[in-house]
Amino acid sequence: MQISIDQHSGFCFGVTRAIEAAESELANGPLYCLGDIVHNGQEVARLENKGLQTIDYDDLRTLPSHSRVLLRAHGEPPSTYWIAQQRGIEIIDATCPVVKKLQDRIRACYETHKNDEPQPPQIVIYGKPGHAEVIGLQGQTNNTAVVIENETQLDRLDFSRPIYLFSQTTKSVEGFNHLVEAILQRKRSYSVSGLTDEAGPTAERSFEYHDTICRNVANRVAELQAFSRENDIVLFVGGAKSSNAKVLFQKCVEANPNTLFISSPDELEEALEQSGLAGKADLKVGICGATSTPLWLMQKVRDKLSLIP
């Protein structure tokens, strides 16, 4: 059996930076993290064993003053900073710089146009409702931004108003481009500022879109699919709560139907048995993962796999 680990898999820059910040700050005393630092149970458990305590928003409101709270790479809405300030809590901000820049852009757009006449434009976020990053992005607009996942949800928009479109950093570039075209088509069928399409490119003038997708994440699709095609079996290692893992796993399946999803080495043997691939000789087995999957966990899967006869 030939076993390889995809060199492009593992933590993205933002997650690596947040985990390094947590490990560094733990040396200075008790540390809390608002939400799971990464959507991977094994990595969360590893850091909790080092002393990191995961809390939720209710906990944040009851922490003693001078507590230290780490904000993970996903980012937070302004309300989180306000609560911390009111309670005298020290914030260690590990928001990914790419996410932080996007927050600033959305907030600037909101502040610039919120009093436009006859009515303010709609700020639209292409993203997953309820996702931690999206909650932070909505907060930059006083929660007025509309979140949509695909073209089937376009009826939520008022096409008589100008639209400013942004994207969650980890969404699909292809999906974003499809959404841009769908909005343009709908825009062209509406009267804007009393003018129709026949009066000129009114639709284009009343619609601005900003591709704010992180290319380090977006490029992984092509890299993972190429890796998947090179192997007979692919073991995709990801957290059960990670939306990124679910998306990337499906992309691997598209390239190689013999792709199995596991969250830990303990699930390895059962997954191989259910697939009917266990015991076959001369196989090339590839191990890969999501942007929330630590390298050490993929290495543990490799080590256990090498012991299976």
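Ser4 has Gly286 in S12 as its bridge partner. That link belongs to the pairing of S1 with strand S12 (residues 284-289), which is parallel and spans four bridges. The model is predicted.

**Sheet with S1 and S12**

- Four strands make up this open sheet, in the order S1-S12-S10-S11. Their pairing is parallel.
- Strand S1 (2-5) and strand S11 (259-262) are the edge strands. Each has a single partner strand, so one side of each lacks a neighbour in the sheet.
- From one strand to the next, the twist averages 20°.
- Helix H10 (residues 220-229) packs on this sheet and touches S1, strand S10 (233-237) and S12. The direction of H10 makes about 160° with that of S12.
- Helix H12 (residues 268-275) lies across S10 and S11. H12 runs at about 150° to S11.

**Sheet with S2 to S5**

- Another four strands form an open sheet in the order S3-S2-S4-S5, with parallel pairing.
- The edges are strand S3 (52-55) and strand S5 (90-93). Because each has a single partner strand, one side of each is left without a neighbour in the sheet.
- Neighbouring strands here are turned by 35° against each other on average, direction ignored.
- Strand S4 (residues 68-71) pairs with S5 in the parallel sense, over four bridges. Arg68 stands opposite Glu90 in S5.
- Helix H1 (residues 13-26) packs on the sheet. H1 touches strand S2 (31-34), S3, S4 and S5, and its direction makes about 165° with that of S4.
- Helix H4 (residues 78-87) also packs on the sheet, with S2, S4 and S5 as the strands touched. The direction of H4 makes about 145° with that of S5.

**Nonpolar cores**

- The largest nonpolar core has 21 residues. Leu31, Ile37, Leu52 and Leu70 touch the most other members.
- H1, S2 and helix H2 (41-49) each supply at least two residues of this core. H1 gives the most, with five residues.
- Leu52 is in contact with Leu26, Leu31, Tyr32, Cys33, Ile37 and Leu47, leaving aside its neighbours within four places in sequence.
- Another core, of 18 residues, lies apart from the largest one. Among its members are Val146, Leu157, Ile163 and Val180.

**Largest pocket**

- The largest pocket holds about 540 Å³ of space.
- Its lining counts 22 residues. Closest to the pocket centre are Tyr126, Thr170, Lys171, Ser172 and Val247.
- H11 provides the largest share of the lining, six residues.

**Helix H6**

- Helix H6 (residues 132-139) is mostly covered, with seven of its eight residues buried.
- The buried residues are Ala132, Glu133, Val134, Gly136, Leu137, Gln138 and Gly139.
- These buried residues pack against H4, helix H5 (97-113), strand S6 (122-126) and strand S7 (146-148).

Methods
Residues are numbered from 1 along each chain as its sequence is written. This is a predicted model: local features need pLDDT of at least 70, side-chain atom pairs count only at pLDDT 80 or more; totals for chains, interfaces and linings use all residues. Side-chain values use heavy atoms; hydrogens and water are left out. Two strands pair if DSSP finds at least two bridges between them. Axes are lines fitted to C-alpha atoms, for helices over the stretch in contact, and angles run from 0 to 180 degrees between N-to-C directions. Contact means heavy atoms within 4.5 Å. A nonpolar core is a set of buried Ala, Val, Leu, Ile, Met, Phe, Trp, Tyr and Cys residues joined through side-chain atoms within 4.5 Å. Buried means under 20% relative accessible area, exposed over 50%, partly exposed in between (1.4 Å probe, protein chains only). On a 1 Å grid over the protein atoms alone, a cavity is a set of points where a 1.4 Å probe fits but cannot get out, and a pocket is an open set with protein on both sides within 12 Å along at least five of seven lines; lining residues have an atom within 4 Å of a point. Grid points are joined across faces, edges and corners, and a volume is the space filled by probe spheres set on the points.
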